[in-house]
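Here are a few notes to read alongside the coordinates.

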Amino acid sequence: MWWQVIGGLVVIVMLPLVAPHTQSASFVFTHFETSPEATGISSKPYAVILSVLLSNYCLYGYDTAAHLTEETRGADRTGPIAILSSIGMVSVFGWAYYLALTFSIQDFNYLYDVNNETAGALVPAQIIFDAFHGRYHNSTGAVVFLCITWGSYFFCGLSVTTSAARVVYALSRDNGIPFSPIWRRIHPKYKVPTNAVWLCAAISIILGLPILKLDVVFTAIISINTIGWVGGYAIPVFARLVMAEKNFKPGPFYLGRASRPICLVAFLWICYTCSAFLLPTLYPIQLKTFNYAPIAIGIFMTLIMLWWAFDARKWFKGPVRNIDLGNGHS
């Protein structure tokens, strides 16, 4: 957390100060570019639709807060507070980071030039390089800033792995995945599901290796992960929309009359973002630019439904209570 906060503040504050010149507010807030030469996209509405993808993926932090609430006291109250706090912090820092980058652009046309220092593929890195090279005529500062960014990615990966391991652990407690007794095993000393952690780390490594050679794999993985994560929340949100009010038992953190309108907006937003992640991000559509997420999701959903129809429905009975409410012992 401290790396993210301190490192993020250093980049946000220092980058515009280092840049030889900064863009005007009118350029940052009103100028619209689609860069059809680099992306093949000239439609402004289509570009706006795709623009929400990165911000939606960056809000992943609240998902980790949700998974870790069961390990806190008073989770019915502290959980929602943690979720809202993470959304607030990510929104503020993310907005500030984007402003720092866009105000520090030196030559917009050069950002997507395939002959630039990042081959036109890494725009944020190119912005940072242009700022430092334009001021000091060397790239040392840019390398330092990119190391800060790399550290942020590393800790983000740890956070995602932690969240994924908690999901695996929770499902294995309910016997919901193959070899559940292995994944729900708790380390006797550290009291964490180490087997579940190693499983998630191994899967991440296996999925990540093709990215070294194929950029489309990265796009597909990001799309699949975010659709699975965001789409999972659509189920309880939709259930709250259609549930009779007499059957709903509110907890201590309750939105009252605003709950249904907020659920409706949230459900529509989930449908929108999940649909957007299935769209191609580069044109013309070729083997190297095709978004394989729809195919991958279709295959996995088919396999999962077949597994449910022919096997899992016969033995999976839902969540297993692991706490005796009568005496408070597990």
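**Notes on the predicted model**

1. Let us begin with Met305, which counts as partly exposed because its relative accessibility is 47%. Its place is in helix H14, residues 293-315. Please keep in mind throughout that this is a predicted model.

2. Met305 belongs to a nonpolar surface patch of about 1000 Å².

3. For a sense of distance, take Phe310 and Gln126: they are 184 residues apart in sequence, and their C-alpha atoms are 52 Å apart in space.

4. How many salt bridges does the structure hold? There are 2. In one of them, the side chains of Glu245 and Arg240 meet, with 3.3 Å from N to O. Arg240 is buried, because its relative accessible area of 7% is under 20%. Glu245, in contrast, is partly exposed at 41% relative accessibility.

5. Glu245 also forms a salt bridge with Arg260, where the closest N and O atoms are 3.2 Å apart. This pair links distant parts of the chain: Arg260 is in helix H13 (residues 259-276), while Glu245 lies in the loop between H12 and H13, and the two are 15 residues apart. Through shared partners, the salt bridges join Arg240, Glu245 and Arg260 into one network. Arg260 counts as partly exposed, with a relative accessibility of 26%.

6. Helix H12 covers residues 215-242, and Phe218 has its place there. Is Phe218 buried or partly exposed? Phe218 counts as partly exposed, since its relative accessibility is 44%. Phe218 and Gly208 are 10 residues apart in sequence, with 7.8 Å between their C-alpha atoms.

7. Within H6, the buried residues include Gly79, Ser86, Ala100 and Leu101. As background, an α-helix has 3.6 residues a turn, so residues three or four places apart point the same way.

8. Two backbone angles deserve a look. Ala119 has a phi near 60°, a positive value in a residue other than glycine. Ala119 is in the loop between helix H7 (108-111) and helix H8 (123-136), and with a relative accessible area of 45% it is partly exposed.

9. The other angle belongs to Phe179, whose phi is likewise positive and near 60°, again in a residue other than glycine. Phe179 lies in the loop between helix H9 (140-173) and helix H10 (180-183). Its relative accessibility of 60% means that Phe179 counts as exposed.

10. What does the count of disulfides come to? It comes to 0. Cys147 is in no disulfide, and the nearest cysteine sulfur, that of Cys156, is 17 Å away. Cys147 is partly exposed, with a relative accessible area of 46%.

11. Cys263 is in no disulfide either, as the nearest cysteine sulfur, that of Cys271, is 13 Å away. Cys263 counts as buried, because its relative accessibility is 14%.

12. Finally, a point taken from a record. An unreviewed UniProt entry lists residues 1-24 as "signal peptide". In the model, the chain over residues 1-24 is 71% helix and 0% strand. The end C-alpha atoms of that stretch are 32 Å apart.

Technical notes: Residues are numbered from 1 along each chain as its sequence is written. This is a predicted model: local features need pLDDT of at least 70, side-chain atom pairs count only at pLDDT 80 or more; totals for chains, interfaces and linings use all residues. Side-chain values use heavy atoms; hydrogens and water are left out. UniProt positions are given in the numbering used here, feature names are shortened, and annotations may be inferred rather than shown by experiment. Helices (H or I, at least four residues) and strands (E, at least two) are DSSP runs, numbered from the N terminus. Buried means under 20% relative accessible area, exposed over 50%, partly exposed in between (1.4 Å probe, protein chains only). A salt bridge is a side-chain nitrogen of Lys or Arg within 4 Å of a carboxyl oxygen of Asp or Glu. Patches are made of residues with over 30% relative accessible area and no salt bridge: like charges are joined within 9 Å, nonpolar side chains (Val, Leu, Ile, Met, Phe, Trp, Tyr) within 5 Å. Accessible areas come from the Shrake-Rupley method with a 1.4 Å probe; for residues, only the protein chains shown count as cover. A disulfide is a pair of cysteine sulfur atoms within 2.5 Å.
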